[in-house]
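Subject: Structure handover

Hi,

Here is the structure we talked about. Please open it first, then read my notes below.

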Amino acid sequence: MTFTEPKAFWIDGAWATPATANRIEIRNASTGEPVTTVPEAGHADVDAAVGAARRAFDRSDWSTRSAGERIAAISSLADALLARSNATAEAVSTQNGMPIAISSATEGVVPATLLNYYAQLAADQPTEEERPSFGGGTTLVRREPIGVVAAIVPWNYPQSLTFFKLAPLLAAGCTAVIKPSPETVLDAYVLAEALEESDIPAGVVNIVPGGREVGAYLVEHPGVDKVAFTGSTAAGRAIGEACGRLIRPVTLELGGKSASIILDDADLPSLLSKFFTATLMNNGQTCYLGTRVLAPKERYRETVDILTDFARALNVGDALDPSTQIGPLATADQQRRVQNYIERGLADGGRVTTGGGQPAGLERGWFVEPTIFDNVDNTHTIAREEIFGPVLAVIPYTDVDDAVAIANDSDYGLGGSVWTADQDRGIAVARRVQTGSIGINAYNLDLSAPFGGVKASGLGRELGPEGLAAYQQTKSIYVS
Ligand code: NAD
């Protein structure tokens, strides 16, 4: 696939000339080769984007239309995106190494699914509810759009995570400035083309690609009413601090180090394809993966052997090959970071049973072999910190109480899973894990249920009705 070299930003419903000549270089993660360059936003571009979103919110009828009146425009965007789903999937896989089979099923379709879901959900919700007042009379409780949203997204699922924000905020009547990650900008241009074709009014969605400095400027911009962020815990902390100072509402979807708890009755070999999705999906570059694998002491060796054979048999290759299960990491920096964690795991006393290096024949891209560690203790760095690569640490436990204690002994609490022949037993264990979401014998993220983290994994929830409420504020009108 060839990519064009965009010259402008999508701002105020038109292609706007960048304020500076700075450009972002995009490389193919599977080959390391340059693909194209795109303009990088500066402060003046962010000012223009926020100004357009502000005008669209304050002066157009977008925010005052009923949710039902917004449906047609939102579904026109869903249609324009679906018509481009292959282009979106290819753009994402080229840049961040996501196997194309995954990007086709997620990045290519989740945006349209979420747009249609939220447009209908908002239309079905009353804008005003009349409630009996404590002091007699009635109170009208209104749901109003929160305003201009700064949406800051990472590179690992760039379009899905954009639409975790954009779909509910559009349905609620908000306007947005999206800041894509510099690692994944081409898919944001596919979105801009879809916006141009759609009936979404000018200024309602604006896109300013750039790095963390541009993101930080956007977060503090006086024209912004709310910040919705997905990314690392370190960046989330900085953004949360800024929003705290400004008393600006913020949603933070951050990192994780979740546990996959294998109970003593689990038939792991029959569950391996689901186990793969719950622990290694997208080359380990997925926030909710259960990368700490907790195995019962008496079945520890057997579990390590099963996972070692499984990891060895995975198909590692070019992200654009439909048979690839593990592609490259998104950047050379990310590859180095994962390699450093593997070295640290060995230094702490862990043992690599398979993987640990760069796969033979794939030296050009940013690959790391699927890697299994045994002899890991929950105090080791590779059990405490998010690696964001295809690396699993297998940790033994003595009984279920010990497994739950190890799972909860983490700074994070985002995802996780329980593996068992007895679903009720699995649910009982899941109830005890401190986490925002957890799966039984799989991890099937449900777009209609709230998603988010506890502890250092974040604040607030996306998806489901809770994800719509994040872009609404209530107003009480006391009618005497
Ligand atoms: P990152 O925090 O480095 O960057 C994320 C985005 O924030 C990028 O667009 C970046 O340019 C911007 N940014 C960085 N610092 C900023 C700052 N101080 N102010 C404003 N913007 C800033 O994260 P990443 O490496 O791109 O993504 C991987 C991380 O994202 C992992 O930690 C992963 O767990 C997390 N993540 C979380 C979820 C979730 O829903 N909880 C989902 C996907 C990824």
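How many nonpolar, polar and charged residues are in the shell around the ligand? The shell has 15 nonpolar residues, nine polar ones and four charged ones. Keep in mind that this is a predicted model.

Where the ligand sits:

What surrounds it:
There are 28 residues around the ligand. Those that come nearest are Val 153, Lys 179, Ser 232, Leu 254 and Glu 386. Three elements each supply at least two residues of the shell: α8 (212–219), β10 (226–230) and α9 (233–246). Of these, α8 gives the most, with three residues.

Start with Val 153. One of its polar backbone atoms is 2.8 Å from an oxygen atom of the ligand. Next, find Trp 155. An N or O atom in its side chain is 3.0 Å from a ligand oxygen atom. Then go to Leu 254. Here a backbone N or O atom lies 2.7 Å from a nitrogen atom of the ligand.

How much of the ligand is covered? On its own, the ligand exposes 850 Å². The protein buries 91% of that area.

Best wishes

Conventions:
Residues numbered from 1 in each chain as written. Predicted model: local features only at pLDDT ≥ 70, side-chain atom pairs only at ≥ 80, totals over all residues. Heavy atoms only, no water. Near = heavy atom within 4 Å. Polar contact = N/O pair within 3.5 Å; in protein donor to acceptor, adjacent residues only side chain to side chain. Areas by Shrake-Rupley, 256 points an atom, 1.4 Å probe, with all protein chains shown as cover. Helix = DSSP H or I, 4+ residues; strand = E, 2+ residues; numbered from the N terminus. Nonpolar A, V, L, I, M, F, W, Y, C, P; charged D, E, K, R; others polar.
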